[in-house]
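Here's a quick briefing to read alongside the model on your screen. Have a look around first, then work through the points by topic.

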Amino acid sequence: MRYTFLTKGGNEYVLDLDPTATIRDAKQFFQILYSLNSEKIQIIYHNKVVSDSETFSNFSSPIFPGFFIVSDD
């Protein structure tokens, strides 16, 4: 399934992930594909920071894109 992530700076990232993938998996893909430091990324879904162990099957967003990335970098 395709998931879109936005940053406060307006950057858009797209990942194709299995719904069983975890937030930690997504962070590792961000590091590999986009050179973002996975240790400094927080992913926010509908104003809530999500834990690394949550899977994408837990989320369904009526609002596009639903996911935002916050990084200390």
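**Rings, strands and a loop**

There are 13 aromatic pairs in this structure, which is a predicted model.

**Aromatic rings**

- A pair of aromatic rings is described by how far apart the centres are and by the angle between the planes.
- Take Tyr3 and Phe67: their ring centres are 6.0 Å apart and their planes sit at 80°, so this pair is edge-to-face. The cut-off behind that label is an angle over 60 degrees.
- This pair links distant parts of the chain, with Tyr3 in strand β1 (residues 2–7) and Phe67 in strand β5 (residues 67–71), 64 residues apart.
- Are Tyr3 and Phe67 buried or exposed? Both of them are buried.
- Tyr3 and Phe67 also belong to one aromatic cluster, together with Phe5, Tyr13, Phe30, Tyr34, Tyr45, Phe56 and Phe59.

**The sheet and its helix**

- Strands of a sheet pair through backbone hydrogen bonds, and they can do it parallel or antiparallel.
- In what order do the five strands line up? Reading across the open sheet, you get β2-β1-β5-β3-β4, with mixed pairing.
- The edges belong to β2 (12–16) and β4 (48–49); each has a single partner strand, so one side of each has no neighbour in the sheet.
- β1 and β2 run antiparallel and are joined by five bridges. For example, Arg2 has Asp16 in β2 as its bridge partner.
- Helix α1 (residues 23–34) packs on the sheet and touches β1, β2, β3 (41–45) and β5. The direction of helix α1 makes about 115° with that of β2.

**A closer look at Thr4**

- Thr4 sits in strand β1.
- With a relative accessible area of 11%, Thr4 is buried, because buried means under 20%.
- Going from Thr4 to Phe59 takes you 55 residues along the sequence, and their C-alpha atoms are 13 Å apart in space.

**Two residues with positive phi**

- Most residues other than glycine have a negative phi.
- His46 isn't a glycine, yet its phi is positive, at about 50°. You'll find His46 in the loop between β3 and β4.
- Asn47 lies in the loop between β3 and β4, and its phi is also positive, near 70°.
- How accessible are they? His46 counts as partly exposed at 37% relative accessibility, while Asn47 counts as exposed at 80%.

Terms used:
Residues are numbered from 1 along each chain as its sequence is written. This is a predicted model: local features need pLDDT of at least 70, side-chain atom pairs count only at pLDDT 80 or more; totals for chains, interfaces and linings use all residues. Side-chain values use heavy atoms; hydrogens and water are left out. Rings of Phe, Tyr and Trp (its six-membered ring) pair if their centres lie within 6.5 Å; planes under 30 degrees apart count as stacked, over 60 as edge-to-face and the rest as tilted. Helices (H or I, at least four residues) and strands (E, at least two) are DSSP runs, numbered from the N terminus. Buried means under 20% relative accessible area, exposed over 50%, partly exposed in between (1.4 Å probe, protein chains only). Two strands pair if DSSP finds at least two bridges between them. Contact means heavy atoms within 4.5 Å. Axes are lines fitted to C-alpha atoms, for helices over the stretch in contact, and angles run from 0 to 180 degrees between N-to-C directions.
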